[in-house]
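Visitor: I would like to learn how to read the features of a model like this one. Please take me through them one at a time.

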Amino acid sequence: MSELYDVIIIGGGAGGMSAGVYAARGKMKTLIIEDKRNTGGQAATTSEMENYPGILEATGPQLMDMFREHCNKFGVEFVRGLVTGISIAEDGFIKTLMTNKGETYQTKSIIVATGATPRILGIKGESEFRGKGVSYCATCDADFYEELDVVVVGSGNTAVEESVFLTKFVNKVTMIVLHDQGILDADRTAQEQAFANDKIEFVWNSVVEEITGDELVNGVKLKNLKSGEISERAADGVFMFVGTVPKTDFVKELIELTPQGYVITNDKQETSVPGIFAVGDVTDKFLRQVVTAAGDGAVAAVAADRYIEEEENWRKSVAEFGGTAMVAFWNPLSKESLDVINQLELNCKDHPEQRVVTIDTYKSQNIASRFSVSEVPVVIRFDAGQEAKRVDVKDISELETLY
């Protein structure tokens with residue numbers, strides 16, 4: 001069993017490393033577990049990085065190297081491994097992570113930043129020729145196809161931007177698009193770049209039926225969606241850019257996911273399980289970009305720090321206290337709450353074995369939710385850490401029933 005971390009981040013992409021920077025700079029003991037040889041996630045496979053504010057000229061791998069250097073500056077620890085399971089202590093605070101190497105790590109909070117993997121269409125020949133002419137990463141493999149002809153499947157931003165990048169190496173790029181002529185799913189800037197590039201050719205209203213070859217890819221069979229006609233086209237490689245699938249199998253029984261497998265989070269990047277957060281492409285969100293993942297990471301790290309502070313204060317003040325704790329749930333906008341706290345403190349002068357603990361329901365939403373407190377003031381008496389009596393205060397005289 002390893003030492004206890006404040007936060008363990010699963011995944012070393014933009015979101016994970018951003019969380020690492022914020023957590024470690026905030027003096028949290030921070031570990032990033034990455035299942036790949038290199039950090040960077042999907043961003044490290046992106047050839048051009050034109051829309052990350054302040055970075056005018058950098059590739060995805062270069063930007064991710066800078067993220068890694070920033071993590072190193074603040075002392076983030078890195079280990080390689082694939083997290084296969086998470087267990088949570090009975091009190092809900094300490095979490096244990098298990099990896100494919102048989103290692104275990106303990107932490108007070110977790111940030112899931114596993115990202116997503118390229119979607120597999122299941123086209124005939126796709127799996128057979130993966131690594132033998134079928135690729136999902138232009139940055140990784142473009143130089144293998146210098147002066148050759150390649151096919152690109154997809155018409156979104158990634159497909160179009162990577163097609164433009166490929167033209168720096170290949171003889172010709174043929175984009176297979178299932179839409180009518182002139183319609184792409186990419187943004188306007190990316191479309192203009194593609195249409196203006198004379199090394200990019202488009203085949204409209206079509207899908208790839210089969211990827212063909214012997215030991216290596218040598219072509220594709222295309223189906224026209226309007227006529228049903230099957231045609232063949234020679235190609236030395238096929239690049240697939242048809243979306244991604246979130247890497248959430250290891251938490252699908254633990255936290256709430258969308259039907260598509262993305263993690264559901266709130267504005268603090270909190271999941272359905274207290275102390276577990278999620279960031280970046282693995283979450284259910286409107287825009288999946290490096291800059292939004294980095295923002296998610298910053299939010300999650302600060303929220304994790306607040307969560308730990310809240311939980312440790314609760315354990316020290318109430319759960320592990322051997323005497324009687326009068327816990328007043330309040331908010332500063334409620335005059336009744338302030339009156340209740342004042343009365344409890346007066347009562348405690350006659351009961352020195354007791355203490356008053358105040359819980360601001362806005363700042364400590366996890367604690368309030370745990371005890372189903374939706375309106376204030378509420379006072380709960382705890383004896384030796386165990387709930388003994390609860391009063392939803394309507395009249396201050398009701399406090400007498402707690403003694």
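Guide: What follows goes from the domains to a helix, a loop residue and the salt bridges.

Guide: First, the ground rules. This is a predicted model, in which local features need pLDDT of at least 70, side-chain atom pairs count only at pLDDT 80 or more, and totals for chains, interfaces and linings use all residues. Residues are numbered from 1 along each chain as its sequence is written, and side-chain values use heavy atoms, with hydrogens and water left out.

Visitor: Which domains does the assignment give?

Guide: Domain bounds come from an automatic or database domain assignment. Here the chain is given domain 1 (4–117 + 244–314), domain 2 (134–240) and domain 3 (322–402).

Visitor: How do I read the interface of domain 1 and domain 3?

Guide: Begin with contact, meaning heavy atoms within 4.5 Å. Seven residues of domain 1 are in contact with 10 residues of domain 3. The C-alpha centres of the two domains are 36 Å apart. Next comes buried area: the accessible area (1.4 Å probe) that two parts lose on being put together, summed over both. Domain 1 and domain 3 bury about 750 Å² between them, with 49% of it on carbon and sulfur atoms. On the domain 1 side, Glu310, Glu311 and Trp314 supply 68% of the area buried against domain 3, more than any other three residues.

Visitor: How many salt bridges does the rule find across that interface?

Guide: A salt bridge is a side-chain nitrogen of Lys or Arg within 4 Å of a carboxyl oxygen of Asp or Glu. The rule finds one across the interface of domain 1 and domain 3. Arginine 370 also has a salt bridge with glutamate 311, where the closest N and O atoms are 2.4 Å apart.

Visitor: Now a helix. Why is H4 described as largely enclosed?

Guide: Helices (H or I, at least four residues) and strands (E, at least two) are DSSP runs, numbered from the N terminus. Buried means under 20% relative accessible area, exposed over 50%, and partly exposed in between (1.4 Å probe, protein chains only). Seven of the 10 residues of H4 (residues 157–166) are buried, so the rest of the structure largely encloses this helix. Among them are Val160, Val164 and Phe165. The partners that the buried residues of H4 pack against include helix H3 (138–141), helix H5 (188–195) and strand E11 (200–203).

Visitor: Is asparagine 197 buried or exposed?

Guide: Asparagine 197 is buried, at a relative accessible area of 17%. This residue sits in the loop between H5 and E11. Leaving aside neighbours within four places in sequence, asparagine 197 is in contact with Val164 and Thr167. Val164 is itself one of the buried residues of H4.

Visitor: How many salt bridges does the structure hold?

Guide: The structure holds 17. Take lysine 108 and aspartate 6, whose side chains meet at 3.2 Å, N to O. Lysine 108 lies in strand E6 (residues 104–112) and aspartate 6 in strand E1 (residues 4–10), so the pair ties together parts 102 residues apart in sequence. Lysine 108 counts as buried at 14% relative accessibility, and aspartate 6 counts as buried at 17%.

Visitor: Which parts does the bridge of arginine 315 and aspartate 91 link?

Guide: Their side chains meet at 2.4 Å, N to O. Arginine 315 is in helix H6 (residues 290–319), while aspartate 91 is in the loop between strand E4 (83–88) and strand E5 (95–99), 224 residues apart. Aspartate 91 is partly exposed, with a relative accessible area of 46%.
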